[in-house]
Amino acid sequence: GVVDVALVPASLVDDLLDFGRLERGLLPSVSRSSVDVMEWLDGVAARERARCAAKGAALSLETEGALGRASIDAPALERAIANLVDNALKHGEARSIRLRSRRESGAVLAIEVEDGGKGLGGGSVHEHLFEPFARGSASSGTDGAGLGLALVREQSRRLGAQVTVGANPGGQGARFTFTMPVGSA
């Protein structure tokens, strides 16, 4: 059948375009710059907080210790965080999302996106969620094509980061954790 392009969400179009670039190896190269991590995270949280509020959810920002300056690809990392927030809102039906950050061993930045949604469903291995077009068991509706987490995984690899997923130890929901070497800047 014919799809009315006007009915396709812009975020889905962006994901499809990014996925096409990813498959062809055409995503832009990593472009790092020195940022004050706390200041940058405050900005990310403000933008995500507004998006969450529009969907009836609350986002909080928590940091552990001094985050200092770091050399990161801020736009790429923010896009990955936005995809995780989208995932929590769409598929986990989260009403509360926590963005948490800390420095580990000085040169490693850890950023977590933790939600209080439906959770991941059975078992403890959830690596399949990062596969293109995968949809978790908590997935509902047709919003999205299952590309957001595949893009998160690819962005993480490009940034030299590792992304993992597991159940939220604080109770219901999921926790996605980025860990990446950033050095000091």
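Mentor: First a convention: helix axes are lines fitted to C-alpha atoms over the stretch in contact, and angles run from 0 to 180 degrees between N-to-C directions. Also, this is a predicted model.

Trainee: Fine. How do the axes of α2 and α3 cross, and at what angle?

Mentor: The two axes come within 11 Å and cross at roughly 30°. Angles under 35 degrees count as roughly parallel, so α2 and α3 are roughly parallel to each other.

Trainee: Which residues make the contact?

Mentor: From α2, Trp40, Val44, Arg47, Glu48, Arg51 and Cys52; from α3, Ala74, Leu77, Glu78, Ile81, Ala82, Val85, Asp86 and Leu89.

Trainee: And what do the buried residues of α2 pack against?

Mentor: Besides α3, they pack against strands β1, β2, β3, β4 and β5. Buried residues of α2 include Trp40, Leu41, Val44 and Cys52.

Trainee: What happens at the ends of α2?

Mentor: Aspartate 36 caps the N-terminal end, with a side-chain oxygen 3.1 Å from the backbone nitrogen of methionine 38. Just after the helix, glycine 56 has a positive phi of about 80°.

Trainee: What does its side chain make a polar contact with?

Mentor: The side chain of arginine 102, at 2.9 Å. Leaving aside neighbours within four places in sequence, glutamate 112 is also in contact with other residues, among them Arg98, Arg100 and Arg175.

How values were computed. Residues are numbered from 1 along each chain as its sequence is written. This is a predicted model: local features need pLDDT of at least 70, side-chain atom pairs count only at pLDDT 80 or more; totals for chains, interfaces and linings use all residues. Side-chain values use heavy atoms; hydrogens and water are left out. A polar contact is a pair of N or O atoms within 3.5 Å; within protein, one must be able to donate a hydrogen and the other to accept it, and residues adjacent in sequence count only if both atoms are side-chain atoms. Contact means heavy atoms within 4.5 Å. Buried means under 20% relative accessible area, exposed over 50%, partly exposed in between (1.4 Å probe, protein chains only). Helices (H or I, at least four residues) and strands (E, at least two) are DSSP runs, numbered from the N terminus. Angles under 35 degrees count as roughly parallel, over 145 as roughly antiparallel, 65 to 115 as roughly perpendicular and the rest as oblique.
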